[in-house]
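User: I'm new to this one and would like a close look at a single part of it. Could you take me through the place where the chains meet, and then its surroundings?

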Amino acid sequence: MLRYIGRRLLVAIPTLFLVITAAFFMMRAAPGSPFDGDRKLLPEIEANVLAQYGMNKPVGQQYVDYLVRAAQGDLGPSLKYRDKTVLDILKENYRPSLTLGVLAIAIASVIGVSLGVLAALRQNRFTDNAVMTVAILGVCIPTFVTAPLLVLGIASKLGWLPTAGWNDGALPNLILPIVVLALPQIAIISRLTRAGMIEVLHSNYVRTARAKGLPEGLIVRKHALRAAILPLVSYLGPACAGLITGSLVVERIFNLPGLGKFFVISALQRDYTVVMGMVIFYAGLILVLNLVADLLYAVLDPRVRLA
Amino acid sequence: MILASERADTLNRAVSVRGRSLWEDARRRLFRNRAAVTGMVVLGLLVLAAIVGPWLSPFAYDQVDKADVWLPPLAQGHLMGSDALGRDLLTRLLVGLRVSLAIGFVATFVSLVIGVAWGAVAGYVGGKLDEAMMRFVDVLYSLPFIFFVILLMVTFGSNIVLIFVAIGAVEWLTMSRIVRGQTLTLKNKEFVEAARASGLGRGAIIARHIVPNLLGPVVVYVTLTIPAVILAESFLSFLGLGVQPPMASLGALIAGGASDMELAPWLLIFPSLVMVATLMCFNFIGDGLRDAIDPKDR
């Protein structure tokens with residue numbers, strides 16, 4: 001097990017390296033510089049500014065410098081927010097993104113699994129059809145449609161919830177963003193659970209359990225569910241990627257001070273170091289989650305041997 | 001005489017009952033699926049509207065009319081109203097649908113070509129090459145891709161060709177995995193062995209025998225990739241990184257509608273409806289195709 005974790009982490013290093021390299025050179029290939037402002041800087045001042053950030057050196061040298069510092073955990077200063085380092089910005093803005101992401105996936109798992117199990121137990125009957133219709137809608141209605149429509153209907157016209165803002169994470173401010181983020185996840189999770197459950201309910205050991213005369217509720221909870229939610233574990237990584245994508249939209253529409261909003265703004269402003277920091281952060285997050293998913297899978301399914 | 005002609009008739013009928021091919025079976029199952037057929041009909045209408053609609057409209061999609069701003073639906077010949085610049089929403093919606101569909105089809109085609117070639121070669125050649133190629137796919141899989149697409153758009157500016165390439169380059173990964181898996185099972189089949197025994201080269205076997213037999217799962221995945229691509233493009237446009245005004249796409253229209261929704265909700269509602277309808281059609285067709293081609297899941 002430990003050896004497996006070690007090897008996976010070793011594989012993660014070249015991946016991260018690739019991410020950093022690609023992001024670094026793509027950012028530098030972009031036209032414009034972080035120091036383009038409304039007023040053109042005097043050439044001497046611009047030269048000084050560039051020198052201060054080490055940007056007067058050749059790009060190759062800058063790249064090596066960046067790698068060395070990043071390996072030591074130093075992601076550099078922000079080029080736009082003069083007094084802040086990239087780590088400061090990550091630290092100050094991760095909270096809304098994390099809160100929303102974790103709550104959304106937790107709520108989506110509970111609701112999605114319940115709906116999926118319900119649909120599987122009532123296969124091809126009304127409940128099943130209803131749940132699957134909702135699931136298709138959930139997949140087909142993107143976040144950038146649900147978010148403005150919910151704001152327009154529930155927040156703006158009915159006035160039940162605030163239209164935007166973070167407000168230190170007060171519950172009313174959280175509800176709409178979480179709903180928007182969770183809906184597509186609920187759809188996918190309920191479909192996965194239903195498919196897994198239907199397959200498991202036809203398996204031999206479930207038939208054995210029935211033959212023993214165990215009550216159906218016990219079979220579903222103890223025997224079937226555990227195997228049926230296995231596909232969900234492998235879905236953890238993609239789910240995280242989906243939430244990150246969703247958070248870009250949600251943080252923009254609800255005007256939340258999260259990382260997603262920062263990323264697009266920083267990329268447009270050519271704030272090289274901040275963009276790099278966020279790419280590294282998210283890539284690391286996805287790598288770790290994929291590893292956790294694989295480990296969990298092995299724990300839940302003894303047939304899987306990690307080698 | 002009568003008997004003989006009757007016998008001939010029976011014989012004819014027997015001859016006319018031909019064996020049904022797998023594809024014919026699949027087609028029958030597909031056409032019996034009500035959701036899939038509805039999806040095909042609606043999608044057909046949407047595609048038709050996107051192609052001919054803008055020509056039939058009395059307005060141009062970028063025609064600004066300072067006198068007719070913020071018109072609600074049905075006012076002064078604007079069936080779906082007009083936006084802040086007095087442009088006709090229906091015309092813009094049709095053009096936007098055209099752009100989104102075009103991006104969907106072209107980018108999916110890009111991903112199809114890369115994915116099938118990559119997966120078929122990896123699966124058929126096998127060994128070290130397979131391992132290297134699939135490891136590469138694994139690495140790409142674990143990247144936060146949306147960030148790279150965003151960076152790409154920021155770096156090279158938003159032009160439509162780049163959107164095709166960027167999205168197509170992201171979407172080929174799953175395709176290559178599916179194709180590789182299928183290839184692995186196909187390459188040990190008798191007909192491939194026969195082809196090999198008759199001296200056919202590797203490239204020819206992949207092109208003539210492997211790829212055509214991959215068609216089933218590939219077709220299913222393609223119909224599910226198109227909506228994913230449309231979604232990705234709209235997502236970029238929503239963030240302001242996709243197609244640029246005055247050009248329209250479904251995502252760009254929804255983004256515009258979302259910022260003006262308090263004043264003119266129709267600008268948000270109509271594009272959203274078309275977007276959802278389009279995505280649903282593709283998903284219904286995809287699900288129907290999967291059930292038809294691979295009936296073991298039913």
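How many residues does the contact take from chain B, and how many from chain A?

Analyst: Keep in mind from the start that this is a predicted model. The contact draws 36 residues from chain A and 29 residues from chain B.

Let's stay on chain B's side. Four elements of chain B give two or more residues each to the side touching chain A: helix H6 (145–156), helix H10 (215–238), helix H11 (250–259) and helix H12 (266–293). H6(B) gives the most, with eight residues. Sorted by class, this side of chain B has 23 nonpolar residues, five polar ones and one charged one.

H6(B) has 12 residues, which at 1.5 Å a residue should span 16 Å; the C-alpha atoms at its ends are 17 Å apart, so the two figures agree. H6(B) is also mostly covered, since 10 of those 12 residues count as buried. The buried ones are B:Phe145, B:Ile146, B:Phe147, B:Phe148, B:Val149, B:Ile150, B:Leu151, B:Leu152, B:Met153 and B:Val154.

What do the buried residues of H6(B) pack against? From chain A, the partners are helix H1 (2–29), helix H10 (230–253), helix H11 (259–268) and helix H12 (272–300). From chain B itself, they are helix H7 (160–186) and H10. After H6(B) comes B:Gly157, which has a positive phi, near 75°.

Now follow H10(B), which is listed among the elements on the side touching chain A and also packs with helix H4 (residues 89–125) of chain B. The angle between H4(B) and H10(B) is about 130°, and their axes are 8 Å apart. That angle makes H4(B) and H10(B) oblique to each other, and their crossing is right-handed. On the H4(B) side, the contact is made by B:Ser100, B:Ile103, B:Gly104, B:Phe105, B:Ala107, B:Thr108, B:Ser111, B:Leu112 and B:Val116. H10(B) answers with B:Val218, B:Val222, B:Thr225, B:Ile226, B:Val229, B:Ile230, B:Glu233 and B:Ser234. By class, that contact has 10 nonpolar, six polar and one charged residues.

Of the 307 residues in chain A, 37% are buried. If you take contacts in chain A between residues at least 6 apart in sequence, 73% of them join residues at least 24 apart.

Helix H4 (residues 86–121) and helix H5 (residues 126–140) of chain A pack at an angle of about 140°, with axes 7 Å apart. H4(A) and H5(A) are therefore oblique to each other, and they cross in a left-handed way. Here H4(A) brings A:Leu115, A:Leu118 and A:Ala119, while H5(A) brings A:Thr127, A:Asp128, A:Val131 and A:Met132. Five nonpolar, one polar and one charged residues make up that contact.

Note on methods: Residues are numbered from 1 along each chain as its sequence is written. Chains are lettered from A and ligands numbered from 1 in the order in which they are written. This is a predicted model: local features need pLDDT of at least 70, side-chain atom pairs count only at pLDDT 80 or more; totals for chains, interfaces and linings use all residues. Two residues are in contact if their C-beta atoms, placed from the backbone, lie within 7 Å. Ala, Val, Leu, Ile, Met, Phe, Trp, Tyr, Cys and Pro count as nonpolar, Asp, Glu, Lys and Arg as charged, and the others, Gly among them, as polar. Axes are lines fitted to C-alpha atoms, for helices over the stretch in contact, and angles run from 0 to 180 degrees between N-to-C directions. Angles under 35 degrees count as roughly parallel, over 145 as roughly antiparallel, 65 to 115 as roughly perpendicular and the rest as oblique. A crossing is left-handed if the near helix is turned anticlockwise from the far one by less than a right angle, and right-handed if clockwise. The expected span of a helix is 1.5 Å times one less than its number of residues. A residue is buried if 20 or more other C-beta atoms lie within 10 Å of its own, exposed if 12 or fewer, and partly exposed in between; C-beta atoms are placed from the backbone.
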